Amino acid sequence: MRKVIHKIVFVINSIIAFALLLSYLLPYVSPQVFPLLSVLSLTVPILIIINVLFLLYWLILLKRKMLLSLIVLILGISHVSSLYKLRGKSSEDKEGSISLLSYNVHSFNRFRWIDSDEIPQNISKLVKEQNPDIFCAQEFYNNPDIDFKQYPHKYEYFNNDNGELALVIFSRYPFINKGSLNFEKTANNVIYADIVKGTDTIRLYNIHLQSHRINSKTDELAKADSQKLLKRIQFSFKKQQNQVEQLIVHMKSSPYKNIVVGDFNNTAYSYIYYKIKSEGLQDTFKEAGKGFGKTFKFDLFPARIDFILVPSDSEVIDFKSFDIELSDHYPIYSKVKL
């Protein structure tokens with residue numbers, strides 16, 4: 001009986017290991033060509049965690065079958081390090097460094113998704129405490145209770161008909177140029193600003209790629225029509241690819257080094273993340289983060305869909321994600337020396 005159970009477990013293990021192995025190809029697969037396969041990128045954290053559990057299961061039993069998940073995990077070590085980091089870096093001030101904070105503020109709890117009246121004030125307090133040189137917000141709403149007066153420079157752009165939700169860049173340093181990519185038929189968008197710090201100029205992009213509009217709670221997902229949900233995700237992935245292609249064309253025309261921050265609405269295992277990162281950028285979480293670095297409140301696994309990407313030749317001094325529930329996202333902070 002025990003042998004039969006072990007055989008069944010190993011068959012399941014083999015299927016999960018193959019699915020994880022297949023997911024390693026996803027950064028190279030266009031969502032517009034294979035949209036269904038691209039959806040698999042959302043499940044990669046679960047596949048990694050399950051394979052780790054299978055590895056531990058066979059290891060406890062002292063079975064060589066543990067080699068299957070072990071080999072697959074080693075082959076995808078960069079995927080594993082995108083999910084969890086054992087050690088971060090000790091933060092230290094360095095001359096010429098710049099600090100950045102990115103946060104999807106979910107319109108400052110305008111419709112009381114969280115049972116609290118203090119969300120705008122608490123977010124203002126968080127930003128003041130962390131005191132970043134540059135603060136980028138997504139789903140920004142002009143709430144009278146917010147206070148970011150410490151920033152002398154601000155670029156705010158609305159890309160929706162009602163003019164309520166915006167992308168915003170707050171900065172201690174002046175802008176010499178700014179603009180928007182103006183995605184069509186969507187409230188999602190990318191804005192940018194050329195920021196002067198001393199004798200250096202950098203181009204910073206604040207991005208909010210196409211939203212899936214799905215509920216992050218497990219019980220609500222279970223009630224959803226699976227076919228409609230799948231079609232909606234495939235549609236948004238295709239839109240994201242189109243948006244990223246526009247972004248990359250714009251980045252290539254930049255006369256300065258680029259920094260990309262914001263809400264990708266996709267994971268570090270996706271085609272769109274790979275395409276943006278391939279433009280000479282590095283992921284600050286992978287360089288200096290610790291733990292899961294989750295950025296989105298999702299019941300199934302610790303989701304990381306918000307990023308701070310900086311030039312690959314810069315030094316990442318620090319990265320932090322904050323486990324504080326003031327939005328459906330968690331804020332992320334990084335300090336770099338360009």
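Reader: Leaving aside neighbours within four places in sequence, which residues is leucine 73 in contact with?
Author: Leucine 73 touches Leu20, Tyr24, Ile48, Asn51, Val52, Leu55 and Val80. Contact means heavy atoms within 4.5 Å. A caution before we go on: this is a predicted model, where local features need pLDDT of at least 70, side-chain atom pairs count only at pLDDT 80 or more, and totals for chains, interfaces and linings use all residues. Numbering starts from 1 along each chain as its sequence is written, and side-chain values use heavy atoms, with hydrogens and water left out.

Reader: How far apart are leucine 73 and leucine 20, in sequence and in space?
Author: They are 53 residues apart in sequence and 8.4 Å apart in space, C-alpha to C-alpha.

Reader: Is leucine 73 buried or exposed?
Author: Leucine 73 is buried, at 8% relative accessibility. The cut-offs are under 20% relative accessible area for buried, over 50% for exposed and partly exposed in between, with a 1.4 Å probe and protein chains only. Leucine 73 lies in helix α4 (residues 66-75). Helices (H or I, at least four residues) and strands (E, at least two) are DSSP runs, numbered from the N terminus.

Reader: New topic. How many aromatic pairs are there?
Author: The count is 17. Rings of Phe, Tyr and Trp (its six-membered ring) pair if their centres lie within 6.5 Å; planes under 30 degrees apart are stacked, over 60 edge-to-face and the rest tilted. One of the pairs is tyrosine 84 with phenylalanine 292, edge-to-face at 4.9 Å centre to centre and 70° between the planes.

Reader: Where do tyrosine 84 and phenylalanine 292 lie?
Author: Tyrosine 84 is in the loop between α5 (77-83) and β1 (97-104), and phenylalanine 292 is in the loop between α11 (284-288) and β10 (306-311), so the pair ties together parts 208 residues apart in sequence. Tyrosine 84 is partly exposed at 37% relative accessible area. Phenylalanine 292 is partly exposed too, at 34%.

Reader: Which residues do ring pairs link into a cluster?
Author: Phe108, Phe135, Phe140, Phe148, Tyr151 and Phe170. Phenylalanine 108 and phenylalanine 140 are both buried.

Reader: Now pockets. What is the volume of the second largest pocket?
Author: About 260 Å³.

Reader: What lines the second largest pocket?
Author: The lining has 15 residues, with Pro27, Tyr28, Ser78, His79 and Tyr274 nearest the centre. α5 and α10 (271-277) each supply at least two residues of that lining.

How values were computed
1 Å grid on protein atoms, 1.4 Å probe; cavity = no way out; pocket = protein on both sides within 12 Å on 5 of 7 lines; lining within 4 Å. Points joined across faces, edges and corners; volume = space filled by probe spheres on them.
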